[in-house]
Amino acid sequence: MGAVAWLTLLLTHPFEFRTLLQYWLFHEQKRDITSMKEHATSGWDRETMQRCWEFLDMTSRSFSAVIKELEGDLARTICMFYLVLRGLDTIEDDMTIPDGVKQPILRSFHKLTTQTGWTYNDCGEKEKDRQLLVEYDKIVEEVGLLDPEYKSIILDITEKMATGMADFAHRAATTGATYVEKIEDYDLYCHYVAGLVGEGLSRLFSASKKEVAWLGHQLEISNSMGLLLQKTNIIRDFREDCDDKRFFWPKEIWGRPEYGGFKEMQEMYAPENQERAQWVQSGMILDAMRHLTDALDYLRLLKNQSVFTFCAIPATMAIATLELCFMNPAMFQRNIKIRKAEAASLIMRSTNPRDVAEIFRYYIRKIHAKADPEDPNFLRISVVCGQVERWYEHNFPSFVQLPSSAGSPPSFDPKDARTTILQKESKIDQTISQRKIVAKIQERAGRAGENKVPEPQQGVPWELVGVVGAVFFIILLSVLGVVWLVFMFSEGESPLAAWSKGA
Amino acid sequence: MATTRDIYLVIGGSGFVGRHIVEQLLARGDNVSVFDIVQRYHDVPFYSGDISDQEQVSTALRRSGTTCIIHTASPPAALKDPALYWKVNVDGTKAIIAAAVQNRVRKLVFTSSAGVVFNGAPLVNMDERLEPPEQPMDAYNESKQKAEEAVIAANGIDGLLTVALRPAGIFGPGDRQVMSGLYKVYEEGKTHFQVGDNNNLFDWTYVGNVAHAHLLAADKLDSPPPAPPFSTLEEFPLEAPPLTEAEQNILIHSLPPLDLTIGRHIVPTSEARPLGPCITPPPNAEKLVGSFENKRTNPEGRPFVRTRFDPLSEPNLFREKLSNPESSPLQVAGQVFYITNGEPCYFWDLPRLVWKNLDSMFPGHRQKRRYLVLPASVGLAFAVGAECWGWLIGKEPALTKFKVTYSCADRWHNIEKARRVLGYEPQVGLADGVQRMVDWWRKEYASGTHKTAH
C-alpha cells in the first residue's frame with residue numbers, strides 16, 4: 001500500500017489502520033525459501049523452481065505467503081499441487097476454448113502434467129493466468145522432481161478433478177443446460193473442484209509424516225472443509241459469475257416457492273425483488289454453514305503448526321465472508337469482500353484450535369444477530385449456529401478460565417454449573433484416595449498383627465509406621481490434587497488422540 | 001423390546017404429555033389405560049382418582065393388570081399454591097411408588113423436568129452428573145426434584161425398576177402453557193421486547209419426541225446392566241476396571257447427526273459420490289453410488305474426542321459407578337436422562353417464529369418494529385422494582401426476577417447418554433414441531449375452544 005493509501009486509511013478507518021500497522025510490523029515471514037540452507041527442500045537453486053515460486057506469487061497473491069511457511073518439502077510440494085490445479089482450472093474456466101478442444105485436454109491433464117515439454121498457448125487473452133500454461137513445461141519438470149509418493153497423490157487428484165470438471169463443462173456446452181438443478185449436483189461440483197483438493201492436501205500432509213497417517217482417510221471432513229471454502233466463494237461471487245453467464249447456485253435452492261419462486265437467476269438483482277433474493281441468499285449461506293462443524297473437526301485433528309495455519313486461515317476467512325454476505329443486498333449488485341484489516345486480523349489470530357473456534361462463534365453470532373423472523377430459514381439459521389456453539393462448548397468449555405501467566409493452573413467460573421460438577425468429582429476422588437489409604441493401613445495392620453504374636457514389643461513401632469504412612473498419604477493427596485488440576489488443564493487444552501475408524 | 005408385552009397405565013394420560021404417550025402406545029397396538037382426575041378422551045379404559053390416595057391408585061393397578069406405570073401427572077408450572085405442588089408431585093409420587101410395590105408392578109417411568117437442576121446459573125451443555133441445587137429456583141422445580149429423588153431411590157425395591165426422564169422446554173399440539181403464553185404476548189402487542197442479548201441457547205423438545213423417549217425407557221428398563229454394579233462385587237475396586245464389551249459397544253458406535261431441522265445432506269467423497277453428469281461411468285460406479293446412498297440412512301460418524309470434561313469418558317464413568325454403586329451409569333434402571341430435540345437455538349428465536357406464524361392468522365395485527373432490547377442487568381433492576389410495586393399493591397407483576405433470569409440464561413443439555421443408552425433420537429424437528437403446534441392452535445382458535453384455556 002502506498003503512503004497516500006495508508007494516510008487515507010488512518011483518517012477514515014483508524015482502527016483498521018492500527019490492525020494493518022501491527023500486521024506489517026509484527027507478522028513476520030518465518031521461513032525464507034530463497035536462503036541457501038533451504039535449497040534442498042525449496043528448490044530455489046533451480047531456475048525452473050524459481051519460476052514456479054514466481055507463478056505462485058502471481059496467481060495466489062494473498063495465500064502464497066502461507067504456503068511458503070509450510071515446513072520441509074511440503075511448501076514446494078503444495079506449491080506444485082496448487083500450480084497444477086491452477087493450470088487445470090484456467091483451462092476449465094476459459095469460455096473461448098471450444099468444448100471439442102477442451103474435453104481431451106481436461107481428461108488427459110494428469111498425463112500432460114508428466115509429458116516433458118508440454119505447453120498450451122491457446123488460452124483466451126483475458127485469462128489472467130494464461131502465462132502459467134504457456135510455460136507449463138516448467139511445472140511438468142518440477143512435478144517430475146517431487147517425491148514419488150507426493151507425485152502420485154497430486155496426479156491422482158488431478159485426474160479425478162479433471163474428469164469431473166470435464167463432465168460438468170460438457171453438459172453445459174452440449175445440452176445448453178444453464179443452471180445447476182439439484183443440491184446434490186452442486187455438492188458434487190464443489191467436491192470435484194474443492195473437496196478433492198481437501199482430500200489431496202490431507203494425503204500430502206500424511207505422506208509428509210507431519211500429520212498422522214489416518215488423516216488422509218478422513219474423506220468426509222476433508223471434503224466438507226473444501227466444500228465450505230468453495231461454497232463461500234460461489235455465494236460471494238454471485239454477481240461476477242452472473243455477468244459472465246456462469247451459474248453455480250442450485251435451482252433447488254433459489255427456485256423454491258417459499259422464496260418467491262424465481263425463474264431466472266438474474267431476477268434476483270432487480271430492486272423490487274431484494275427481500276425475496278435475501279431469503280435465497282440466506283438459504284445458500286445456511287447450506288454452506290452446515291459444513292462449519294466439519295471444518296472445526298478437521299482443524300482439531302491437525303498437530304503441525306504450519307499445517308494448521310495453512311488450513312485455518314482459509315476457514316476463518318470463509319466464515320467472515322459468509323457473515324459479510326448474510327442479509328447483504330449489496331452482494332447482488334457487486335462483488336464484495338472483507339476488508340484488508342479484518343483479513344490481517346484473522347491471519348494473525350488463526351493459530352490454534354481454540355482461537356479459531358472462538359472466531360467461528362463470533363461470526364455465527366453476528367450472522368444470527370442479523371437474522372429476520374420473516375426469513376423462511378430463520379429457525380434453521382438459529383439451529384445451525386447452535387451447532388457451532390455446541391461444538392465450541394464440547395471441545396473448549398467456556399467455564400475453564402485460562403491463566404493469565406504461564407504455568408499457573410486454570411481456574412473455573414464459580415457461576416457455571418459445570419464447576420459444581422468438578423467439585424463433586426473432586427470429592428469422589430478424595431474418597432477414592434482415602435479408601436486406598438485405609439486399604440494400605442489395613443494391609444500394614446495385618447502384617448503388624450502377624451509380628452505381634454512372636455514379639456509383642458515390636459507391635460508399637462509398626463503402628464507408628466502406619467500412622468506416619470497415613471500422614472504421608474494425606475500430604476500426597478494434596479499434591480495429587482494440584483497435579484490433577486494441572487493435568488486436567490493440559491488434557492483439556494491440547495487435542496487428544498482422536499478415535500477413528502482407522503484406529 | 002420386552003419379551004412379553006407390557007400392560008401400561010399412563011397416570012396423567014389426559015394431560016399434554018400423557019395424551020401423546022397414550023396415542024403412541026395405541027398406535028403400536030399396546031394395552032393402555034389412563035388414570036387422571038378428568039377424562040377428556042374415550043378410546044382407552046379410564047380410572048378416575050386422586051394420585052395421592054394410594055388405595056385409589058392400587059385399585060386402578062389391580063383392575064387394569066398394569067405391569068408398567070408411566071407417571072406424567074403434574075400441576076402446571078405457573079400456579080401460586082406451593083402446597084398443591086407438594087401434594088401432587090411429592091405425596092402423589094410416593095403414593096404411586098407404594099402402590100406399585102404393593103401390586104408388584106415391575107416398571108415405573110417418571111416424567112421429571114430439566115428444570116430440577118436450574119437455580120438461575122447458566123446450564124451449558126449440561127449433563128446428568130449435576131445434582132439439584134440446595135436452593136431451588138421455585139416450588140414447582142423443588143417438588144419435581146423431590147419426586148424424582150423418590151423414584152430413583154425406589155429402584156430395586158421388591159423388583160421394581162424405575163427411571164426418570166428430564167425433558168426440556170416441551171412444546172407441541174395440546175400444549176396449554178407455551179403456546180397460550182406466546183399468544184398472550186402477541187395479543188398484547190409486546191413481541192418487540194427482548195431481555196438479554198439473545199446469545200443464550202435454549203433447548204426445546206417437541207412433545208412427540210418426549211413421548212417417544214418414554215416408550216424407549218419403558219421398553220429398555222429391564223435390559224441387563226452392561227457391567228455389574230459395584231454393589232454386587234465382592235470387593236470395591238479402587239482402580240477403574242476396564243470397560244466390558246457391552247459398555248464399549250454402547251460408547252463407541254457412531255451416532256447419527258442431529259439434523260432434522262436443517263436437513264440431512266451427504267458430503268460426496270472420492271469413495272462415495274453420485275455420478276452426476278458423467279459421460280463415461282468409472283469402473284467402480286456402482287460402488288461409488290451405493291456407498292453414497294448408504295450414507296443417507298447410515299451417516300458416517302465424525303472422529304470424536306472425549307475430553308476430561310466428558311460425562312461418558314472412562315474416568316468419569318468410574319466416578320459415577322463409585323458414587324452410585326447400586327446402578328450402572330450405562331443402564332436404564334435407576335438413572336435419569338435429559339430429553340431434548342438436540343437442536344438448541346437462541347432463546348428468543350422459537351417464540352419469534354411462532355409469532356411470525358400467528359401473523360398469517362391475524363394479518364395486520366402486528367406492525368414491524370425494531371426490537372427493544374433490555375440488557376440483563378437493566379431487566380433485573382426493573383424486575384426487582386416491579387416485584388416491590390406488585391407486593392405493595394397486592395398484584396402479580398408482569399416482570400419478575402425469575403422471568404428475567406430465565407430469558408437470559410443458557411439452558412441446554414448434553415443428551416448423549418439418552419442417545420446411547422436409550423437409543424433415543426428425536427423424530428420431529430424444531431421447525432416442523434412449531435408448524436404442528438401452530439396448526440393445532442389454529443384449529444382450536446377457529447373452534448373457539450381457546451377461550452376455555454384462559
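Colleague: Is B:Tyr183 buried or exposed?
Modeller: In this predicted model, B:Tyr183 has a relative accessible area of 4%. The cut-off for buried is under 20%, so B:Tyr183 counts as buried.

Colleague: And B:Phe362, buried or exposed?
Modeller: B:Phe362 is buried as well, at 16%.

Colleague: How many aromatic pairs are there over all chains?
Modeller: The rule gives 35. One of them joins B:Tyr183 and B:Phe362, with ring centres 6.0 Å apart and planes at 40 degrees, so this pair is tilted.

Colleague: Which parts of chain B does that pair tie together?
Modeller: B:Tyr183 belongs to helix α5, while B:Phe362 sits in the loop between α10 and β14, so the parts joined are 179 residues apart in sequence.

Colleague: What is the arrangement of B:Phe202 and B:Phe347?
Modeller: Their rings are edge-to-face, at 5.3 Å centre to centre with 85 degrees between the planes. Both residues are buried. Ring pairs also place them in a cluster whose members include B:Trp204, B:Tyr206 and B:Trp348.

Colleague: Turning to the interface, how many residues of chain B are in contact with chain A?
Modeller: There are 70, and they meet 78 residues of chain A. The two chains bury about 6500 Å² between them, with 64% of it on carbon and sulfur atoms.

Colleague: How many salt bridges does the rule find across it?
Modeller: Six. A:Lys436 forms a salt bridge with B:Glu239, the closest N and O atoms being 3.2 Å apart.

Colleague: Which classes of residue make up the side of chain B that touches chain A?
Modeller: That side has 36 nonpolar, twelve polar and 22 charged residues.

Technical notes. Residues are numbered from 1 along each chain as its sequence is written. Chains are lettered from A and ligands numbered from 1 in the order in which they are written. This is a predicted model: local features need pLDDT of at least 70, side-chain atom pairs count only at pLDDT 80 or more; totals for chains, interfaces and linings use all residues. Side-chain values use heavy atoms; hydrogens and water are left out. Contact means heavy atoms within 4.5 Å. Buried area is the accessible area (1.4 Å probe) that two parts lose on being put together, summed over both. A salt bridge is a side-chain nitrogen of Lys or Arg within 4 Å of a carboxyl oxygen of Asp or Glu. Ala, Val, Leu, Ile, Met, Phe, Trp, Tyr, Cys and Pro count as nonpolar, Asp, Glu, Lys and Arg as charged, and the others, Gly among them, as polar. Rings of Phe, Tyr and Trp (its six-membered ring) pair if their centres lie within 6.5 Å; planes under 30 degrees apart count as stacked, over 60 as edge-to-face and the rest as tilted. Helices (H or I, at least four residues) and strands (E, at least two) are DSSP runs, numbered from the N terminus. Buried means under 20% relative accessible area, exposed over 50%, partly exposed in between (1.4 Å probe, protein chains only).
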